[in-house]
Amino acid sequence: MRRRDLISFAPVAALIDMDGTLYDSMPLHARAWHRLMTEQGIDCTLEEFYMYEGRTGVSTINLLFQRAFGRELSEEEALELYRMKTVYFNELTAPEVMPGAQSMVAQFIDRGITTVLVTGSGQHSLIDRLASDFPGAFPEGRRVTSRDVSHGKPHPEPFFRGMELADALPENSIAVDNAPMGVVAAAASGAFTVGVTTGPVPSRALYEAGADIVYDSMPEMASRLPLLLDKSLSI
Ligand code: MG
C-alpha cells in the first residue's frame, strides 16, 4: 500500500494463472516441449522450459529457432509445431490439480472476490476440466487464454483483460502466478502480485520479476491467505 500510495486495500478480483498454479502440469509441458525441440535438432534442457512458462507457444518456438538457427518460423510452421507439442502433451498422463489450489480459489469466492483465469495456454484438455475441478470459479466470460490477447505474458495485456472481465481496477486486483514471465506481466499490470514457487524456479527469481510476496508452495499460500485477505488493511 505504501509503495502504491494506497490508504486501503480491498481486493475485488483474483486473476489466477493455470499451468503450475491450478494444475501441476509444468513437468508435462516441459517434457512435451523438450521432445518436440529435440526432434527439431535443437539443443535444449528440460529445465529451461520452466523459464519460458507463460509465453505463448509460438513465441517459445521462435525463441528457440532464433537461438539455434538464427531465424524465426512462418506463422503457419510455428502453429504446426505448437499443434504437435499439444499432441505430445496430451499423450502424457493428465496432470493433477495442484494441492492447495482448490482451497485458495474457495477462499477468494467465500469473500466475494471475483475469480478470473489468466493463462497463456490455449490447451482445451485443461481448460475444459476447470468447470469440474473448480466449480463456479472460471465460467465462460471469466477466462483469458492465448486466444484472447494480442500480446502474451510477459506483456501485461492478459492481466488487463482479466481486470476488464472482473470490472476491477489494478489497485483492487490480486494476481497469482508461478512463473517469472507471469509475475513480470502481473506486476506491470499494477495488480498486487503473488508469486508461488511450485517447480524448479527459485523464489528469488519471482521476487526479481516483481512479486509483492512469494509463497513456497500452493498449500502454504492457501494456509496463509487469510492473513493477506482478512487483516483490516489501512495505513
Ligand atoms: Mg503458470
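**Close-up views of a predicted model**

View 1. Asp 133 lies in helix H7, residues 130–133, where helices (H or I, at least four residues) and strands (E, at least two) are DSSP runs numbered from the N terminus. Leaving aside residues up to four places away in sequence, Asp 133 touches Tyr 23, Val 97 and Gln 102, contact being heavy atoms within 4.5 Å. This is a predicted model, in which local features need pLDDT of at least 70, side-chain atom pairs count only at pLDDT 80 or more, and totals for chains, interfaces and linings use all residues. Residues are numbered from 1 along each chain as its sequence is written, and side-chain values use heavy atoms, with hydrogens and water left out.

View 2. Asp 17 (OD), Asp 19 (O), Glu 53 (OE) and Asn 178 (OD1) coordinate the magnesium ion at 1.9 to 2.1 Å. Asp 17, in the loop between strand E1 (13–16) and helix H1 (26–39), and Glu 53, in the loop between H2 and helix H3 (57–69), are 36 residues apart, and the pair links distant parts of the chain. Asp 17 counts as buried because its relative accessibility is 4%, and Glu 53 is buried with a relative accessible area of 9%. Donors are N, O and S atoms within 2.8 Å of the metal (3.2 Å for Na, K and Ca), and sites may look incomplete because water is not among the atoms.

View 3. Seven of the 10 residues of helix H9 (residues 180–189) are buried, among them Pro 180, Met 181 and Ser 189.

How values were computed
Buried < 20%, exposed > 50% of the residue type's maximum accessible area, 1.4 Å probe, protein only.
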